[in-house]
Amino acid sequence: MCTEPSLHAHDRPRVEIAMWSRRLLAALLLLPAQAAAGVKEKIAAMAPQAVVYVEGADGNELVAQNADKPFVPASVAKLVTTWLALETLGKDYRFRTRFYLDDKRTLYVRGGGDPLLVSEELEPLAKELVAATGKAPFAGIVLDASYYPADLRIPGIEDTTESYNALNSALAVNFNTIYAVHRGKRVVSAEKQTPITPLAISQFSKRAPRGRDRISLAQDPLLSLQYAGELLAAFIEKAGGGVKASITTGPVPAGLAPVYVHQQSRPLSEVLRALLIGSNNYIANQVFLEIGAHRLGPPVSLDKSLKVANEMLAAQGLAQSIRLEEGSGISRGDRFTARGLAKVLALLAPHADLLKRGKGVAFKTGTLEGVRTLAGYADTAQHGKVRFVIAIQGDNSALRFQLMKAIQAAL
């Protein structure tokens with residue numbers, strides 16, 4: 001009869017060590033699963049109705065709660081706009097503003113939708129323009145904003161007067177705002193880099209009777225265009241040139257070639273960083289509108305940009321999980337699923353440095369009344385860098401960060 005050989009005394013320690021090693025390995029393999037189960041329970045206890053989704057860098061699902069339930073993204077929609085812009089325009093793309101001169105020395109300015117025509121940009125622009133055209137005064141300035149249709153409307157923007165929600169425009173300066181202060185009977189600029197203009201004085205006097213304030217001109221496109229012309233003229237004078245006659249609006253005459261083309265000093269990557277960190281809806285939609293015009297030709301239109309966006313999303317299998325009405329997230333008609341946004345985060349991962357950072361997390365928040373969202377990338381001990389999406393109904397801003405910290409601690 002065959003029997004099992006007995007272990008010699010000197011073999012027993014090796015067998016026991018091998019058995020202990022297998023048990024330790026099995027226990028270690030269970031730890032991530034146990035941790036994931038634990039964080040799921042904790043999230044369910046903290047916010048059972050919240051949308052929460054977490055996946056590893058390899059796409060492995062770690063946490064999924066209401067992950068396929070559509071939610072209003074608010075400003076995390078800017079993550080999608082950022083990816084679309086980088087894919088369509090490229091990180092080195094620069095917005096352009098074109099200048100033309102006729103035989104009467106009338107200066108024509110054709111806006112190109114530059115979202116960052118701020119005073120710090122206008123000063124070197126004016127110096128370069130004067131250098132290109134000479135210091136003789138211009139007979140007048142004609143502003144051409146035809147790159148954007150006059151009837152352009154962005155869902156969600158029209159009911160607000162905040163500067164970061166300004167109506168989008170082919171030619172706008174300082175986000176269509178005036179920042180000034182009353183000094184006795186005088187109105188002066190509240191920022192040293194911005195000259196005061198006649199329109200700025202009259203509008204500020206009417207709408208801000210005392211103290212320091214920032215007012216928006218966005219609700220009146222002609223007024224905002226006039227201010228753009230006046231501020232440009234002020235910087236031209238500062239650069240040694242001048243403007244003799246009035247500032248009007250109209251098209252650039254056919255056949256004129258540009259005498260100077262100004263490229264925005266900041267490439268698209270820096271513009272996108274500014275819109276993500278500042279969560280500026282105006283910049284987001286200027287960029288979003290440029291996507292359509294760049295791919296399908298001018299002038300810009302919301303329909304063109306939505307067509308391009310939807311085609312690109314469909315190519316990634318995201319037609320049903322990412323629905324956009326505009327590019328900033330201000331519209332409550334925007335609808336995402338967590339799994340869909342996580343896929344966009346995977347596509348955007350090489351550019352995660354554009355996001356706001358803090359304690360091992362790169363993130364974007366979203367806030368509308370009754371909506372709080374959070375999405376981005378988080379460093380974890382067991383799973384490395386994970387992608388996460390959190391959406392909460394209600395106005396508890398702290399809860400989304402508490403959920404994110406719970407995820408980061410457990411994984």
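The questions and answers below concern helix packing, cavities and pockets in a predicted model.

Q: Is helix α2 roughly parallel, oblique or roughly perpendicular to helix α9?
A: Helix α2 covers residues 77-88 and helix α9 covers residues 338-348, and their axes lie 10 Å apart. The two helices pack at an angle of about 40°, and angles under 35 degrees would count as roughly parallel, whereas 65 to 115 would count as roughly perpendicular. The angle between these helices therefore makes the relation of α2 to α9 oblique.

Q: Which residues of α9 make the contact with α2, and is the crossing left-handed or right-handed?
A: From the side of α2, the contact is made by Leu79, Val80, Thr82, Trp83 and Leu86, and the residues of this contact divide into 9 nonpolar, 1 polar and no charged. The crossing of α2 and α9 is left-handed. The residues that α9 brings to the contact are Leu341, Val344, Leu345, Leu347 and Leu348.

Q: Which element gives the most residues to the lining of the largest cavity?
A: The structure holds 2 cavities of 30 Å³ or more, and about 70 Å³ of space lies in the largest cavity. Its lining includes Thr97, Phe99, Leu122, Leu125, Ala228, Gly229 and Leu232, and the elements that give two or more residues to it are β3 (96-101), α3 (119-133) and α5 (221-238). The lining divides into 9 nonpolar, 2 polar and no charged residues. With 3 residues, the element that gives the most to this lining is α5.

Q: Which strand provides the largest share of the lining of the second largest cavity?
A: The second largest cavity has a volume of about 30 Å³, and it is lined by Ile178, Tyr179, Ala180, Ser189, Thr194, Pro195, Ile196, Ala200 and Tyr227. These lining residues divide into 7 nonpolar, 2 polar and no charged. The largest share, 3 residues, comes from the strand that spans residues 177-183, namely β6.

Q: Which residues that line the largest pocket are the closest to its centre?
A: About 420 Å³ of space lies in the largest pocket, which is lined by 20 residues. By class, that lining has 12 nonpolar, 6 polar and 2 charged residues. The closest to the centre of the largest pocket are Pro149, Ala150, Asn168, Ser169 and Pro221.

Q: How many charged residues are in the lining of the second largest pocket?
A: The second largest pocket has a volume of about 320 Å³ and is lined by 15 residues, of which Arg98, Gly112, Tyr147, Glu290 and Pro298 lie nearest its centre. The elements that give two or more residues to this lining are β3 and α7 (281-296), and α7 gives the most, with 3 residues. The lining divides into 6 nonpolar and 4 polar residues, and the number of charged residues is 5.

How values were computed
Residues are numbered from 1 along each chain as its sequence is written. This is a predicted model: local features need pLDDT of at least 70, side-chain atom pairs count only at pLDDT 80 or more; totals for chains, interfaces and linings use all residues. Side-chain values use heavy atoms; hydrogens and water are left out. Axes are lines fitted to C-alpha atoms, for helices over the stretch in contact, and angles run from 0 to 180 degrees between N-to-C directions. Helices (H or I, at least four residues) and strands (E, at least two) are DSSP runs, numbered from the N terminus. Angles under 35 degrees count as roughly parallel, over 145 as roughly antiparallel, 65 to 115 as roughly perpendicular and the rest as oblique. A crossing is left-handed if the near helix is turned anticlockwise from the far one by less than a right angle, and right-handed if clockwise. Contact means heavy atoms within 4.5 Å. Ala, Val, Leu, Ile, Met, Phe, Trp, Tyr, Cys and Pro count as nonpolar, Asp, Glu, Lys and Arg as charged, and the others, Gly among them, as polar. On a 1 Å grid over the protein atoms alone, a cavity is a set of points where a 1.4 Å probe fits but cannot get out, and a pocket is an open set with protein on both sides within 12 Å along at least five of seven lines; lining residues have an atom within 4 Å of a point. Grid points are joined across faces, edges and corners, and a volume is the space filled by probe spheres set on the points.
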